[in-house]
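Here is a short walk through one protein model, written for someone new to reading structures. Have a look at the picture first, then read on.

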Amino acid sequence: MLPASSPIAAAGLLPTRSGLPRGAEVVTGQLVIHADFPLTEQHRLIRDLESMRTDVIQDLGLPISDEPIHLYLFESADRYEAFVVGQFPGFPARRAFFVETDTSLSVYAAWQDRIAEDLRHETTHGYVHAVVPTVPLWLDEGIAEYFERPRGESGTHREHVAHLNGRLLEGTWRPNLETLETLVEPGEMSQDHYAEAWCWVHWMLHTTPTRRKILQTYLADLRRDGKTVPLPLRLVRTEGSMSACSGAVKTHVEALAAD
Ligand SMILES: [Zn+2]
């Protein structure tokens with residue numbers, strides 16, 4: 001998330017002075033897509049992002065929102081990079097990103113090989129932030145990593161499983177939710193943190209109805225009160241201790257790796 005906002009382009013044929021795509025506009029569900037190139041509502045990727053909305057809402061127990069999420073799609077990495085440098089100077093290089101301001105939810109991305117995964121990730125942030133504006137950083141990223149997987153994979157992130165299992169075998173990692181809770185700046189999130197954040201979310205959504213409910217209730221409470229009881233405390237109430245939670249997550253990684 002960034003503090004700055006970019007002006008939203010009006011419909012037209014040429015890029016605006018700020019360089020936002022404005023060659024085509026498609027509106028579908030909550031999404032308003034602005035692209036450098038022709039794109040139709042029937043495009044598989046757009047249908048995929050639209051149907052993902054139901055998955056996010058249902059799995060996380062969130063209410064439906066009609067707040068628009070603007071997706072700005074650049075035809076090339078060069079166009080995209082020139083825009084980012086001009087509008088968000090100093091922002092670390094990324095293939096895509098999500099920006100929430102007081103008045104808008106926006107995703108910016110270059111059209112490249114991993115566009116589907118990138119858009120699923122960033123659009124998930126949009127669907128969540130449309131109803132829960134303040135989410136702990138690790139949870140925000142864990143949820144986006146979960147939904148970035150293609151629909152048929154039920155949120156299973158093989159790369160993360162292999163990474164975490166490798167660290168377990170080396171003896172260099174143990175799940176630690178309290179450490180994740182201390183992260184506040186996106187720059188603090190390492191690959192290890194992304195993988196672990198994904199893992200806690202997958203564990204809560206896939207192991208027992210009670211854990212899934214804890215996550216859903218937490219998000220519902222967070223929506224009303226940004227200072228609600230933190231998730232680790234809620235998990236400890238049912239799991240007995242933080243160490244029991246960590247042990248259960250470790251077992252979960254091992255089970256997924258053995259699959
Ligand atoms: Zn993210």
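Handedness comes up soon, so here is the rule: a crossing is left-handed if the near helix is turned anticlockwise from the far one by less than a right angle, and right-handed if clockwise. Keep in mind that this is a predicted model, where local features need pLDDT of at least 70, side-chain atom pairs count only at pLDDT 80 or more, and totals for chains, interfaces and linings use all residues. Residues are numbered from 1 along each chain as its sequence is written.

**Two helices**

Helices (H or I, at least four residues) and strands (E, at least two) are DSSP runs, numbered from the N terminus. How do H1 and H3 cross, left-handed or right-handed? H1 passes H3 in a right-handed crossing. The axes of H1 (residues 44–60) and H3 (residues 115–129) come within 10 Å and cross at roughly 40°. That makes H1 oblique to H3. (Angles under 35 degrees count as roughly parallel, over 145 as roughly antiparallel, 65 to 115 as roughly perpendicular and the rest as oblique.) Axes here are lines fitted to C-alpha atoms, for helices over the stretch in contact, and angles run from 0 to 180 degrees between N-to-C directions.

On the H1 side, the contact includes Leu45, Leu49 and Met52, and on the H3 side it includes Leu119, Thr123 and Tyr127. Two residues are in contact if their C-beta atoms, placed from the backbone, lie within 7 Å. The residues of this contact split into 8 nonpolar, 2 polar and 3 charged.

**The sheet**

Now for the strands: an open sheet of 5 strands has the order S1-S2-S3-S5-S4, with mixed pairing. S1 and S4 stand at the edges with a single partner strand each, so one side of each is left without a neighbour in the sheet. Two strands pair if DSSP finds at least two bridges between them. S1 and S2 run antiparallel and are joined by 5 bridges; Glu25, for one, has His34 in S2 as its bridge partner. H3 lies across S3, S4 and S5, running at about 175° to S5.

| S1 | 24–28 |
| S2 | 31–35 |
| S4 | 96–100 |

**Two domains**

The chain is divided into domain 1 (24–131) and domain 2 (146–258), with bounds from an automatic or database domain assignment. Their centres, taken over C-alpha atoms, are 24 Å apart. 13 residues of domain 1 are in contact with 8 residues of domain 2. On the domain 1 side, H1 gives the largest share, 5 residues.

Key. Ala, Val, Leu, Ile, Met, Phe, Trp, Tyr, Cys and Pro count as nonpolar, Asp, Glu, Lys and Arg as charged, and the others, Gly among them, as polar.
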